[in-house]
Amino acid sequence: MRAMVLHAPGQALRLEERPDPQPGPGEVRVRVQACAVCRTDLHVVDGELRLPRLPIVPGHEIVGIIDRLGPGVSTLTLGERVGVPWLAHTCGHCAYCRLGRENLCDEPLFTGHGRDGGFATHVVADAAFCLPLALPQDPIHTAPLLCAGLIGWRSLRMAGSDAMNLGLYGFGAAAHLIAQVAQHEGRRVYAFTRPGDVQAQAFARSLGAVWAGASGETPPEPLDAAIIFAPVGALVPLALQAVRKGGRVVCGGIHMSDIPSFAYQCLWEERQLMSVANLTRADAAEFLRFAARVPLQVATTTYPLERANEALADLRAGRLQGAAVLVP
């Protein structure tokens, strides 16, 4: 197999030839067809997340075909197309797992973080955490659904069913998908981008946003809720000021720069500030059922596997509309 491997934070990934991995009990081997590139992969590569092991193969928005079953696997079959998401394994016995909140498990493993991920031709995954895929999109356009879509879905649910005027801060892979979901549900989407990013603003309007402007601008009417996808802490007080009394601000990323101090007035009047942590398999099943029923427009830029560093650089610099996807 071939894989793009991180040996130390801040270093470029290295293309390596490795022996084909073999699945253990309860595992499957997946031949990767496509793996989208997530901002979390940047946090891994840039050293913004503590890594439990190195070297590591990043990548957790994986679509592929099962080509080998480990002992004891009976729920999946050879030749089946599956998705391999960020949540790779949970303990199953901590208080959070027992309450159905496995996204908060005390002893989790994450794909492309604690175990090798999909920036490769093959990946081994826990069969219980693979997601059977029956979607109309091809693998390239399905891959971004495995994190940008899933985390966006959970963020939207946390924003609340009463959030009819919805602000999205950072109009990248997640926002361009969830903007479509929100509109399907009858919500009005307000898109906030980097100052001067008129291309992203035009992209948001082309997907149906009723307004698009810079992150520091005041929307034309108060928001019921806002989701922050950009990993920029300075957006938190701006979003709080943009939501109405009793409104919510949801931070959708796994990492964010420090939030600056802000006046209590921004939070007062029962505004709520919350974060999204990972996802559950129930979230995934719910979202994938929606995506099978309501196909989403998925904007992608493809790169061959060996150009993973270029894809990461383009994402870091904000040169993408939608999602970058690696193809082995």
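Modeller: Two residues are in contact when heavy atoms lie within 4.5 Å. The model is predicted, so local features need pLDDT of at least 70 and side-chain atom pairs pLDDT 80 or more, while totals for chains, interfaces and linings use all residues. Residues are numbered from 1 along each chain as its sequence is written, and side-chain values use heavy atoms, with hydrogens and water left out.

Biologist: What do the buried residues of H9 pack against?

Modeller: They pack against strands E1 (2–5), E3 (27–37), E16 (300–304) and E17 (323–327), and against helix H1 (39–45). Helices (H or I, at least four residues) and strands (E, at least two) are DSSP runs, numbered from the N terminus.

Biologist: Which residues of H9 are buried, and what puts them on the same side?

Modeller: In H9, residues 308–317, the buried ones are Ala-308, Ala-311, Leu-312, Asp-314 and Leu-315. They cover an arc of only 160° around the axis, and this puts them on the same side of H9. The arc is that of the directions from the helix axis to the C-beta atoms. After H9 comes Gly-318, with a positive phi near 75°.

Biologist: Why is His-176 called buried?

Modeller: Its relative accessible area is 0%. Buried means under 20%, exposed over 50%, and partly exposed in between (1.4 Å probe, protein chains only), so His-176 is buried. His-176 belongs to helix H5, residues 173–184. Beyond its neighbours within four places in sequence, His-176 is in contact with Phe-171, Phe-203, Leu-207, Gln-297, Val-298, Ala-299 and Gly-322.

Biologist: Why is Glu-269 called partly exposed, and Asn-278 buried?

Modeller: Glu-269 has a relative accessible area of 27%, which is between the two cut-offs, so it is partly exposed. Asn-278 has 13%, under the cut-off for buried. Glu-269 lies in the loop between strands E14 (243–251) and E15 (272–275), and Asn-278 in the loop between E15 and helix H8 (281–293). Neither is a glycine, yet phi is positive, near 65° in Glu-269 and about 60° in Asn-278.
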